[in-house]
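Welcome! Here is a short note to read alongside the structure, point by point.

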Amino acid sequence: MSRAECRVPSAECREARAPHSPRTWGLYLVTDRHQTDGRDLVDVISQALDAGVRAVQLREKDLDTVEVFRLGERLLALTRRAGAALLINDRVDVAMALGADGVHLTRKSLPLQEARALLGSDGLIGISCHGLADVQEAVAGGPDFVVLGPIYATPSKTSYGSPLSPELVRQARAICPLPLLGIGGIRPCRVSDVLGAGADGVAAISAILAAPEPGTATREMLAAVARGKGIE
Ligand code: TZP
């Protein structure tokens, strides 16, 4: 579909023309510089990008605005070179200042409509959901994709109660026509269950950032995604 044909900036229209479609990312890498075992986050992300990561979310909630911006500049240079997307967690202002590819909203972020008004129809908007009610509400707001989790228990995020399970992915799939990614405790051995339940891809922090060899871990996760999608 050409841009000229996209008069209404619907989610489907944006997805069709997006250079980076969340439905095809397979793996959405989320940052947490506290999980790199003392290694420089930018180096670790660089290894993951070299190994094939196509989308990164900068999520460093404890950094000051200028620190997020400076880190974002460094990551954007890498993701641009790799042809990958960079989204900024929560901070629509930082995403806009950087010229990043989009923003990842949480329930505490700006409402989706306000974020869309600021970013415009070309900016990607992902939204974190922690249950079916969240998914239903998110879909109604028209983000570009939904991230649901934690699917499995994860030390990376303990504040959202019990893990949801792949069965909940199945139920979310039934009410979510948008690209849907599962997050939380995702390891290569779990990818087939998450994709089998209907997710389009997975998102992860520790499986990649805490791995002794982030490039190898990325390749293993992407291979699991390809197998789960029946590509290999
Ligand atoms: N949202 C739900 S679970 C989670 C986030 C950000 C953390 C995922 O981390 P990990 O290490 O991939 O389990």
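1. Among contacts in the protein chain between residues at least 6 apart in sequence, what percentage join residues at least 24 apart? The figure is 57%, where a contact means two C-beta atoms, placed from the backbone, within 7 Å.

2. Before going on, please keep in mind that this model is predicted: local features need pLDDT of at least 70, side-chain atom pairs count only at pLDDT 80 or more, and totals for chains, interfaces and linings use all residues. Residues are numbered from 1 along each chain as its sequence is written.

3. The protein chain has 11 helices and 8 strands, taken as DSSP runs (H or I, at least four residues, for helices; E, at least two, for strands) numbered from the N terminus. Of its 232 residues, 43% are buried, that is, with 20 or more other C-beta atoms within 10 Å of their own, C-beta atoms being placed from the backbone.

4. Now look at strand S8 (residues 201-204): Gly201 and Ala203 point one way, Val202 and Ala204 the other, and all are buried. In a regular strand, side chains alternate between the two faces of the sheet.

5. S8 has parallel partners, pairing needing at least two DSSP bridges. S1 joins S8 through 3 bridges, with tyrosine 28 opposite alanine 203. S7 (residues 180-183) also pairs with S8 over 3 bridges, and leucine 181 faces glycine 201 there. From S7 the chain passes through helix H9 (residues 188-196) to S8 in a right-handed β-α-β crossover (clockwise from first strand over helix to second, with the strands pointing away from the viewer).

6. Finally, helix H3 (residues 41-50) has Val44, Ile45, Ser46, Ala48 and Leu49 buried. Their cover includes strands S1 (27-30) and S2 (55-58) and helices H4 (65-82), H10 (206-209) and H11 (214-228). Just after H3, glycine 52 adopts a positive phi of about 120°.

Terms used
A residue is buried if 20 or more other C-beta atoms lie within 10 Å of its own, exposed if 12 or fewer, and partly exposed in between; C-beta atoms are placed from the backbone.
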